[in-house]
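Thanks for making the time this morning.

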Amino acid sequence: RVSRLTAFFVLLASACGNAATTLPAVATPDVIRIERNHPKQLLAELKDQEKVRAVVSFINARTSGWNVPWYGPPVGQVYLNLVKDEKVIGNFYVGPWFFGRDHGNFWSQRATEREVAALEALLNVPLLEIIKSAERR
């Protein structure tokens, strides 16, 4: 026989798990501002449209599998702010083995070292070094 309290906790636990969500694709910006979060530092600005489109393709290949962590918003180490007509139209960020996006909420998904290295190659920014230094803190 299942007690009411046990049934309540089973129901509560199933409500806490959030299903993976698909986010919309990002639009192609004029420029991508790549900023380190701590210490605050502009690392680079991508303006070459071929490189910008390559980064947008990388981001848009990851529209599914997003979750909102139960423990609170993820804090990235490096933020890619997508800017069009001097206005931020979206973002994508990298933290210790996750990618994040702000779109009506603070979304994240697991990122492998290989995925981070692929983004690092597109950006020509030392993402792995920055992430690993953040892990040591």
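Let me start with what covers the buried side of helix α2, where buried means under 20% relative accessible area, exposed over 50% and partly exposed in between, with a 1.4 Å probe and protein chains only. The elements that cover the buried residues of α2 include β1 (31-36), β2 (41-46), β3 (78-84), β4 (87-95), β5 (98-102) and α3 (113-123). Helices here (H or I, at least four residues) and strands (E, at least two) are DSSP runs, numbered from the N terminus.

Before going further, a word on the source: this is a predicted model, in which local features need pLDDT of at least 70 and side-chain atom pairs count only at pLDDT 80 or more, while totals for chains, interfaces and linings use all residues. Residues are numbered from 1 along each chain as its sequence is written, and side-chain values use heavy atoms, with hydrogens and water left out.

Which residues of α2 are buried? They are V52, V55, V56, F58 and I59. These cover an arc of only 155° around the axis, which puts them on the same side of α2; the arc is that of the directions from the helix axis to the C-beta atoms. As for length, the 12 residues of α2 (residues 49-60) should span 16 Å at 1.5 Å a residue, and the end C-alpha atoms are 16 Å apart, which agrees; the expected span is 1.5 Å times one less than the number of residues.

Turning to α3, its buried residues are V116, L119 and L123. Seen down the axis of α3, they fall within an arc of 60°, so they line one face of the helix. The face turned away from that buried side carries the exposed residues R114 and A121.

How do α3 and α4 pack, at what angle and with their axes how far apart? The angle between α3 and helix α4 (residues 127-136) is about 130°, and their axes are 8 Å apart, with axes being lines fitted to C-alpha atoms, for helices over the stretch in contact, and angles running from 0 to 180 degrees between N-to-C directions. The two helices are therefore oblique to each other; angles under 35 degrees count as roughly parallel, over 145 as roughly antiparallel, 65 to 115 as roughly perpendicular and the rest as oblique. In the loop between α3 and α4 we find N124, which has a positive phi of about 60° although it is not a glycine. N124 counts as exposed, at 71% relative accessibility.

Next, please look at R62, in the loop between α2 and β3, which counts as buried at 15% relative accessibility. Leaving aside neighbours within four places in sequence, R62 is in contact (heavy atoms within 4.5 Å) with F99, Q109 and E115. Of these, Q109 lies in strand β6 (residues 106-110) and counts as buried at 12% relative accessibility. A polar atom of the Q109 side chain lies 3.0 Å from the backbone oxygen of S64.

Finally, a cis peptide bond joins H38 and P39, with omega about 0°, and P39 lies in the loop between β1 and β2.

Technical notes
Polar contact = N/O pair within 3.5 Å; in protein donor to acceptor, adjacent residues only side chain to side chain.
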